[in-house]
Structure formats: C-alpha cells, structure tokens
Amino acid sequence: MYDVIFLGESINSPLLSSLQINPELLVSASGEIGDFKLRYREEKDQDIKEIKACNVIVNMDAEKEIPIDNENILTFYDQQDISEEDSIIFIQDYDKISPAIMSKIGLNKVIKLCEKNPDIQIYYFYRSMRFMDDNDQLFEKAREKGIVFLKYEKDNLNINEDNTVDYSREDINIKFTDNIIIAPDLKPSFGLERIARLFNIEKSPEGYLQTENIYLQPTLTGKRGVYVIGGSRGPTGYTNFDQDVEFTLNEIKANLEDIEPVVDDERIVDDKKCILCYNCYRICPHGAIEEDEELDAMKINNLACQGCNACISRCPAGAISIVGEEEKTYQGLRVMMCENSAEIAFEKYGRDKLENGEINIETIPCTGSIKKDEIFRYLNEPENKLLILGCFEESCKHINGDKRGEQVVNEVKETLKKLDIDDNRVTFKRLSPRMAEDVGNYLSRWKEGKL
Amino acid sequence: MIVGEQKDIEEIVEMLDREEFKSLLIVGCGTCVTVSMAGGEREVNSLAEVLRLYYKNKDKDVTINTDTVKRQCDFEFVDKLEEEINNNDIVLSLACGVGVQHLVERYPDKIVLPGLNTSFYGANIDNGIMAERCIGCGECVLDKYFGICPVARCSKSLLNGPCGGSQDGKCEVDPEIDCAWELIYNRAKRIGKLDELIEYQPPKSWNSYRDGGPRKLTNEEYSS
C-alpha cells in the first residue's frame, strides 16, 4: 500500500511512500481514500500490475498550443539556440491573456537569451505582464538589459502568414520581419479527460480536473483522496505551485493518520433492486459509487460518500436508502434548509425567534437530495406548504446540488400549474450562510405568501 | 435499450378522465425504461403522488396503487400482477408500448393505458441524455459504415451520402443533429478505410422492416 500515487510528474515527498504512474498506462482505478486500487502497466507491452494506494495526485502538464497557424514557430518552451539572429521578437498573450506562469517563463527566457547574446535587439510584446514569485524583479532586470517591452492591445498586433508582424499604435505602423518566439496557449492535457473518467471526477467546462467550487481549495477534487496540482488544475495551477504541493502533502499526511467518514449515517444499495443503470455513478459529485462486481449491483464507498443524497433522489429503481432512516411526519409550514448555507444563516438569525411549532424547520444535506414524490406527497394535505432553501450557484459543496434542487422544484411547479393546483405551495430560494437577516425576511414573507 | 419518455401530465389526466374508476394501478417496468428514467419505481411513485394530489384537489375518491415488475414484456412477470390487476379498476402502465400490449394480452378484460411515449432505441450519451442509434430495420448494415448507422442517424437514411444539406458537420434538418455522413467519413478516415466509401451501396431492401408487416422471430432452439 503506497501513501500516494503520482499520475504524471512525481514530486519529492521524502516522508511518504510513493509511486509514479504514466497516466496513459493507467488501466483502471477503483476504491476510495485510504484504499484505492489502480491497475496499470509500467511499459506499453508489459502485463497489467495492480497496486493499492491511500491517495492519488494528478500532476499532468497542460498542453502547449501555438496560437497561430504555423507549427514551426518557436515558443517560450523551446530550447533551440537562436543566437544567429540580429533581432528577435517575443510575443506574449497573442490569442488571449496568458497565465502568470507564461510571464515568468518568457521573462526568464528573454533574460537568458540576452545574457548569452548581448548584441541582439529584443522586442517583447505583451498585453498583460502578470506577477508571481519574482516576476517583478525579472521584469526590471530585463528592462535594465535593454530589452524593449511593448504593451499592445488585441487589435494592434498581427502576425501575418509569412511570419512578419505588423504593429500599429496611434500614428505608428511598424512591420517586423524578425524571428518570433511566441507564448503558447495552455490547453488541458489530452489524457485528462480519461483520468476524469477513470476516477469519476468532475471536469471544468474547459476540461481541467477542477470545478469552480469554494469547497475545493486549493487542490482537492470532489473525490476524497484525489488531488490535482499544476497543469491538471488549469493554467493558474502553476501560479502557486509550491504552496499547492505543500498543502496537498500536508493533507495527505493528515489523512494517513486518520481517515473518518464524513457522514455518520450509512447509505446502502439494495442489490435486488439495483439494475446497474449507472445513474447514481454518474450523478455522484464525489465519485463515491462504483460497481460491486460480486453482487452485480452498485455500492457506495462510505469514506468517499459525503452524504448529499443525490443518488437516493435520482435512483430510478428506488434502490438506495439510508440505513435506519425514519419516515418524516411534518405538517403545515415546512422549510427544508441546506445544512451548508441556509441552515447556518438561520442559526445566526436565531432559531428562538420563531414561535414554537409555527414552522417546521428541517435540515437537509443538499437541495440535490429533494425528491419529486416527496414534495407531491407533502402537498397532499391542503394546508401544507413547502419552502426549500439552497445554496447560491457555484457555492454548493456537492458541486451542483442547488441546480438539481431548483430543477426538481421547477418541474413540480410546472406539473402543479398544468393540474390547476396552486404552485406557490412550493418555493425554492437561494441563501448564503451569511444572509442571517434575509432568512427572517424570507420566512415572514413566505408565511404571508409574498416570497 | 428502448428509450421512453413519460407522457405529459395533462395528457395522462385527460386519458384517465375518460374512464370510470375508483382504483388505479400504476405499473412500472424495471428494465429499459427504468434505465432511461421514464418508467421505473421512482417515476411510478412520483406519478402516483401527483395523481393522488390531483384527485384530492378534485375531491374525487380514487385509490392509487403501485407496483413495478422486472419486465412487462415477459408473461412470467406480468402474471405476478394478477392479484393486483384484478383488485384495481384500471391500469396505467409505465412500460414501453410492448409492455402495455403485453398486459392487455394477458388481462383482456382490463383497461390498460399507456403512461409513456416509446421514443426510440438509443444509448446514454451523457448524464440524462439519450440519443437514437438504431431503428430496428431488421438487416444490420453497420459493417459497411464502420459502426455508424446511416439508416438511423442520417435524417434521410441515405446509404450513399452525404446530401447537400450537410454543413459544418451538422444536418440541415436540425443543426443540433450531427451529420451521420460526416461521422461515417471521419470514422473511415480514422481507421484508414476511406477508399471503401467510394463503393456504391444499392438501395436497401425494406422487407425486413415494417414494409413486410408486423415482424415475428422464432428461435427454434427454444421454441421446439
């Protein structure tokens, strides 16, 4: 059992037992934090090996793509010697503004080139010089060495098909015919999509292995025990790389000492009802569900599960349940509050401000757990009304439970309208944990039917 | 799998309102339409609760019962419903059209209504998204088109495509639809078989499809 597996580049971590695996040669991944099983090949034609690991760090560089239609042009990353030239132009941010790492690489490269060939005239075009580490000192140093920095706007610079460069600004129009060294665009590594699939973790819309989520700072993924650093996180993953590594290794050291389930209650899949449709696997924001090949049914990994109940709400066969869960017996005004947002705000507002029994407050793990049938059943009593309070977009601990909750409520409302039933009996609103005053406001307006 | 979609609630209610009944049995189907999230236990329960709410709102005394069997397209499972079907006035099936008719065949005196529209034979292409891949033409041509079916996936079912309406990889019928012929071309190119596409494909015989009337298959290993 290794403490950590590196997919991609490994990182010096002397206190941890580790192994590096080429992501392309990873065959499958299963299990959960503290007990991942990876099958992989050391070389292409070799037999598959199986190993166990407590944690996984994905550290795959971003792909570099030349932003113009010319594969032969040199980039900031090329090592090729270009000392034969009289003058050279560096171009940064040609297609879009580059991440800070590109300024750092460009500045280092331009200084090195200048030191090696002091007589070359170098122009460095940029739209935005971005700072990390010692970039400001590098920038100063480069200027002292006589490198000409020219800031341009998107339309002021054009690289022509013959690799000449037109630069125009106010009344200046200059054509450069020198050799170009260009900053490449960073794109997700080709293998990331497959890694996301093998580990069943979320991808950002751009294809990197981390979604925008306040709970996922800085190198966590939705799946416990799987971390992403560097180019796997996105172009900004390079900016604080050293701190990210330190954070990750500390997280791993802590979880090696003690890994506890996040939730107290246990969720189980009824193997007689499960039809292996894989909807729960696809919907779980924490990659906590996988196929139990012995039982021929899905199973929930308890250490990976974060208790959002999205799987229960979406299982089309009704096969997933919480062990020992009792039926709810609310009546009248009922408010379902997400424990990560509305409930925190409500506690700050003060539970005692409500008159006893006036409103039933129910804490739910996530609005993604709401089930259509439960809402309809509740509304069956004419005096019953339901308010569901969830998180704001991109603030959901379970990635997009807020959207799932809202979608269910909208669907229910649509159905009620079609059946001439008052759809205001169910309401969905978003709150942040800081909106203590708004909770009181929402509740009183809702009671009066004005929310 | 067979992909289904639950009928609009207004249509279901309209259908039910045409019938006289005091008790209704909603029957789910636990295979294809459960996978396609249209007629499994979850949808059965959800529909039952909506209808309970609807009848209560209308002050109508209706009892709604539910059950879900593994497959409504096999008599052995349908037979297990005998008691419940007898105890209820009418039945609403959330199976595909095959399941509904199988219930009718077994329980010829009972009114059985369809709760789903049977959409197509398809695959899950993304979370909650299903797409048509086969029309069940009875004579598979996938070998000639490198695994992409022009019969099902080209809007015009062209065997020698593409047509002039293919633009930027999309179909003129609907820009949401991928041009099947672009997919076929790209696939052929990828596996180095572009030259095979030059070969002319004669018109398809539709005898094995619906043109020969309703179809029946016999597997003598089991039937004899």
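In chain B, B:Ile26 stands opposite B:Leu92 in β4(B). This pairing belongs to a predicted model, in which local features need pLDDT of at least 70, side-chain atom pairs count only at pLDDT 80 or more, and totals for chains, interfaces and linings use all residues. Residues are numbered from 1 along each chain as its sequence is written, while chains are lettered from A and ligands numbered from 1 in the order in which they are written.

Strand β2 (residues 23–29) and strand β4 (residues 90–93) of chain B run parallel and are joined by 4 bridges. Strands are DSSP runs of E of at least two residues, helices are runs of H or I of at least four, and both are numbered from the N terminus. Two strands count as paired if DSSP finds at least two bridges between them. β4(B) is also joined by 4 bridges to strand β5 (residues 111–114) of chain B, again in parallel. Here B:Leu92 has B:Leu113 as its bridge partner in β5(B). From β4(B) the chain crosses to β5(B) through helix α6 (residues 97–106) of chain B, in a right-handed β-α-β crossover. Right-handed means that, with the strands pointing away from the viewer, the path from the first strand over the helix to the second runs clockwise.

B:Glu5 stands opposite B:Asn117 in β6(B).
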